[in-house]
Amino acid sequence: TLADYSGIDSENRAPVVTIMGHVDHGKTSLLDYIRKAKVAAGEAGGITQHIGAYHVPHEKGMITFLDTPGHAAFTAMRARGAKATDIVIIVVAADDGVMPQTEEAINHAKAAGVPLIIAINKVDKEGADPDRVKNELATKDVIPEAWGGEYQFINVSAHSGEGIDDLLDAILLQSELLELKAPATGPASGVVIESRVEKGRGTVASILVQSGELNVGDMLLAGAHYGRVRALVDETGQQVKKAGPSIPVEVLGLDGAPEAGEQVQVLPDEKKAREVAEFRQERDRDVKLKRQQASKLENLFENMGSAEASQVNIVLKTDVRGSLEALIGALNDLSTDEVKVSLVSAGVGAINESDVNLAMTSEAVLLGFNVRADSKAKRLCEQEGIDLRYYSVIYELIDDVKQAMSGLLAPEKREEILGTAEVRDVFRSSKFGAVAGCMVVEGTLYRNRPIRVLRDDVVVFEGELESLRRFKDDVQEVRNGMECGIAVKSYNDVKEGDKIEVFEVKEVARSL
Ligand code: GDP
């Protein structure tokens, strides 16, 4: 976050905007339309680079868009304490209405204290019903200005361009209320939007300058990396000499790739920059180690500072509304005067990156009920040492949380997933019905163990293996990387793209 610059000469700066919303509601299309209509018109050649952000000129002022739509980018920034966004646009498709990720986006933006503007998109489509969207959002406490609420609602079409100017006006109006200011001179500070290593160019970090002026030749500290700025490149691919507040630039010259959301700062000399960078590398190692130690639910509870010792934070995802409501009710009932259960977030669907980031920021445990983490989320959990637990029985989940709360260390029933296979093809056999041609992608599949069928990481069937074969032979087990044929007992709806997991329930002694 920006320091207090009262007393220092500050100038108005452009608002920084992030677009969020349910998948396919038009985030990318809106960004594309605005970029093509506004940037290409103003700048010869238009945008040639993808740098994760761009700024557009408008009669009444400049606007910077973070070109990383999706909640993951937003929460990744927040998880690192960066406040990169001034205004969030929530996109809702007028023909589809409010969906789970719409609600999730609203929750994230509200939790971050960032003002919202609602863009009702696809109003050009047949069946578009903007009023229905208004009604749905109003029941979620997002009430349109026209109805006496505090939120601007704008009807737009990313195809025809209808309403886009109104949307940009709404952003600038909101921005005026926020009185966004930053010093335009002096050493720059800002935040990393994304970074990568490119052949021939070295580390390329997209940086949003938030205050001061970033110059070629500056000594830059970015998270746990540093280096002298060799070149600055703007979103049109042009080399520039400097960049001011709310301006995104690519920076060449860092000694490694910092993470999205990390703070960036110009320092007076290399020695200072190296010192801080090395200190942070050390600290990052420590933090990761601590997280791994705390990754047992009960230890997490013990490790909480005394001020929060009385709270277990939970991020919960479930397969359907019904189980979500049941679990929320049961978890809330667990709270006592001494120990509280705090549901930081609860929703339906696979566990995604933004759930992991939220769990990270709020020191919560991640619980999945009949849902799994998608591959990005799984990787992030491993990287950051975040505890992730899967359940399929309500009372087992509740029991675990209860145990953690009371500090009782009874042996626990733990599910272990032994192996996962991806269904690549489905054959019909007269003997077994549907036979799934699979590739084992994790662990090992065993006979005589219970299995589940997952579709888009949600459990759709639980049962038994009827047959496990390699080529024509029945086999006991099939290892990672191998192909096999699987028939599932009394289940013939298996589809290409499904996953089949083999699991086992074990009694494990709890360790202190
Ligand atoms: P995202 O997943 O939110 O980024 O959504 P996309 O921008 O990829 O859009 C999803 C689909 O909706 C694409 O097929 C778009 O062409 C379409 N789409 C997006 N905006 C509009 C719109 O304003 N009108 C119509 N008719 N289709 C749209």
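Predicted model: local features only at pLDDT ≥ 70, side-chain atom pairs only at ≥ 80, totals over all residues.
1. S19 and S20 belong to an open sheet of four strands, in the order S20-S19-S21-S22, and the pairing is parallel. At the edges lie strand S20 (340-348) and strand S22 (388-391), each of which pairs on one side only. On average, neighbouring strands of this sheet are turned by 25 degrees against each other, direction ignored.

2. Strand S9 (residues 189-198) pairs with strand S10 (residues 202-211) in the antiparallel sense, over nine bridges. One of the residue pairs is Arg196 with its bridge partner Val204 in S10. The two strands make a hairpin with three residues between them. In the turn, Gly200 has a positive phi of about 85 degrees.

3. S9 is also joined to strand S18 (residues 263-267), by three bridges and again in an antiparallel run. Here Gly190 stands opposite Val264 in S18. Seven of the 10 residues of S9 are buried, so this strand is largely enclosed by the rest of the structure. As background, strands of a sheet pair through backbone hydrogen bonds, either parallel or antiparallel.

4. Helix H9 (residues 353-361) packs with helix H10 (residues 375-384) at an angle of about 25 degrees, and their axes are 8 Å apart. Why are H9 and H10 described as roughly parallel? Angles under 35 degrees count as roughly parallel, and H9 and H10 therefore fall in that class. On the H9 side the contact is made by Glu353, Asp355, Val356 and Met360. H10 contributes Lys376, Ala377, Leu380, Cys381 and Glu384. By class, this contact of H9 with H10 has five nonpolar and four charged residues, with no polar ones.

5. What surrounds the ligand? The shell holds 16 residues, and the closest are Gly26, Lys27, Thr28, Ser29 and Ala158. Helix H1 (residues 27-42) supplies the largest share of this shell, three residues. By class, the shell around the ligand divides into eight polar, five charged and three nonpolar residues.

How values were computed:
Residues numbered from 1 in each chain as written. Pairing = 2+ DSSP bridges. Axes fitted to C-alpha atoms, helices over the stretch in contact; angles between N-to-C directions. Near = placed C-beta within 6 Å. Nonpolar A, V, L, I, M, F, W, Y, C, P; charged D, E, K, R; others polar. Buried ≥ 20, exposed ≤ 12 C-beta atoms within 10 Å, placed from the backbone. Parallel < 35°, antiparallel > 145°, perpendicular 65-115°, else oblique. Contact = placed C-beta atoms within 7 Å.
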